[in-house]
Amino acid sequence: MGLTQPWMPCRRRGSPILPSPARISTVLRACADGGANRLYYHITEGNRESFLPDYISGDFDSIKAEVQDYYKVKGCELIETPDQDFTDFTKCLQILQKKIEEKGLQIDMIVTLGGLGGRFDQVMASVETLFHATNITPTPVIVIQECSLIYLLQPGKHKLHVNTGLESKWCGLIPVGNPCYNVTTTGLKWNLTNHVLKFGTLVSTSNTYDESGVVTIETDEPLLWTMGIKNA
Amino acid sequence: MERVFTPLECLLPTGNLTFCLLILNQPLDKGYFHPLWSKAVLRACADGGANRLYYHITEGNRESFLPDYISGDFDSIKAEVQDYYKVKGCELIETPDQDFTDFTKCLQILQKKIEEKSLQIDMIVTLGGLGGRFDQVMASVETLFHATNITPTPVIVIQECSLIYLLQPGKHKLHVNTGLESKWCGLIPVGNPCYNVTTTGLKWNLTNHVLKFGTLVSTSNTYDESGVVTIETDEPLLWTMGIKNA
């Protein structure tokens, strides 16, 4: 899914965190409102026909008329979602899940490009969508922009493989939205053992990895994992 | 007791606001830099913030833009930059403690200097901290939580078109009629749910409402005609707003 945020040139080659292009394939592609502008003007100019999203959804207050017309003519589905109680990102995710179910697809991950830069309220709105995502889809949703990735860990145990070679050094655990009273990790330089993570007390930022290539996290409450991605 | 202030007052070319300026290690907008620098009573850089000052903002005119001090663990500041400011008489204060960020430690030093000089300060303005690495954006927010224990002065963080300010529990009145406000604003329960939030002055107001990630977060909100926003909250709540381009 492409959101309406500045895209860096390194993203032209797609999603670099996917470890093995032969094994992983992108099966559905969508733009949320102005994400279509980004695709049209900044990424695919000169070769637009090879990069047609399956659908574009949103309240269409950002997408340019020229862009909307182009993709309509090319046969992309345009789905207007005027509901102002949810962001374009959240609504795009709802539609995506519906299509996944309709097509009977087995999906491992939903990758979102954009959402972590620009207006601060919109960065927070992206995080909020990750909270809603749990009720929208069982598939993990990650958000990537420039050198950052975020992923919301649900209560329970998690094992993250961080040895693709595309990880940069930094990572963090951010108790956005609620304190976490019992967090235990392995695989980090500064691990936690039954620790509290809470804004005003302790937030794990500028953390890094040990040699193992694997991070485990156990948390009692939703906890945001964030990590750096090497430039493509 | 109601806390009253005008978040963007520091960006106005004139006025009586006394404030300090902290520069963090992020791309610096030239737009508001000069009015902020010229009106600040104390100016500091946190570690690599000095690089930004040296290379990106003041090149060709560095002598007119010497910070009062530069603090940090000095793992980001370039040797050339460190030497230059040292020779020019800027105080360099090394703060190696890895439990706190350079921003937090810079704020602690600032408060000490404010007290030593018995300055009356209305606001602490931080440039940078809201872009780049996501963990560092969150670290800036974390510093605002710690700031309550460091200084009684309001601390705001500005980068590009965004401002953030942590509202403590209680009542707040924000004047948003400087003319520099862009349309958007928001209320973000970033560290904890807020169970009782009431606002006026917004297009979508709240009345004894819950703000909580996963339930409701106020983003892409905007203002009514009044030019004043009031917020009452039972828990710390992050105010965020847009700034027009300079």
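Reader: What are the helix and strand percentages over residues 156–223 of chain A, and how far apart are the end C-alpha atoms?

Author: Over that stretch the chain is 0% helix and 51% strand, with the end C-alpha atoms 10 Å apart; helices (H or I, at least four residues) and strands (E, at least two) are DSSP runs numbered from the N terminus. UniProt, in an unreviewed entry, places the feature "domain: Thiamin pyrophosphokinase thiamin-binding" at residues 156–223 of chain A, and such annotations may be inferred rather than shown by experiment. This is a predicted model, in which local features need pLDDT of at least 70 and side-chain atom pairs count only at pLDDT 80 or more, while totals for chains, interfaces and linings use all residues. Residues are numbered from 1 along each chain as its sequence is written, chains are lettered from A and ligands numbered from 1 in written order, and side-chain values use heavy atoms, leaving out hydrogens and water.

Reader: Why is H1(A) called roughly perpendicular to H2(A)?

Author: The axes of helix H1 (residues 35–43) and helix H2 (residues 65–73) of chain A come within 10 Å and cross at roughly 85 degrees, where axes are lines fitted to C-alpha atoms, for helices over the stretch in contact, and angles run from 0 to 180 degrees between N-to-C directions. Angles under 35 degrees count as roughly parallel, over 145 as roughly antiparallel, 65 to 115 as roughly perpendicular and the rest as oblique, so H1(A) is roughly perpendicular to H2(A).

Reader: What makes strands E1 and E3 of chain A edge strands?

Author: Three strands of chain A form an open sheet in the order E1-E2-E3 with parallel pairing, two strands being paired if DSSP finds at least two bridges between them. Strand E1 (30–32) and strand E3 (77–80) each have a single partner strand, so one side of each is left without a neighbour in the sheet. Strand E2 (residues 55–58) of chain A pairs with E3(A) over four bridges, and A:Ser57 stands opposite A:Ile79 in E3(A).

Reader: Why are H4(A) and H5(B) also described as roughly perpendicular?

Author: The axes of helix H4 (residues 120–136) of chain A and helix H5 (residues 134–150) of chain B come within 13 Å and cross at roughly 110 degrees, and therefore the two helices are roughly perpendicular to each other.

Reader: Which residues of H4(A) and H5(B) meet?

Author: A:Phe120, A:Val123, A:Met124 and A:Val127 in H4(A) meet B:Phe134, B:Val137, B:Met138 and B:Val141 in H5(B), contact meaning heavy atoms within 4.5 Å.
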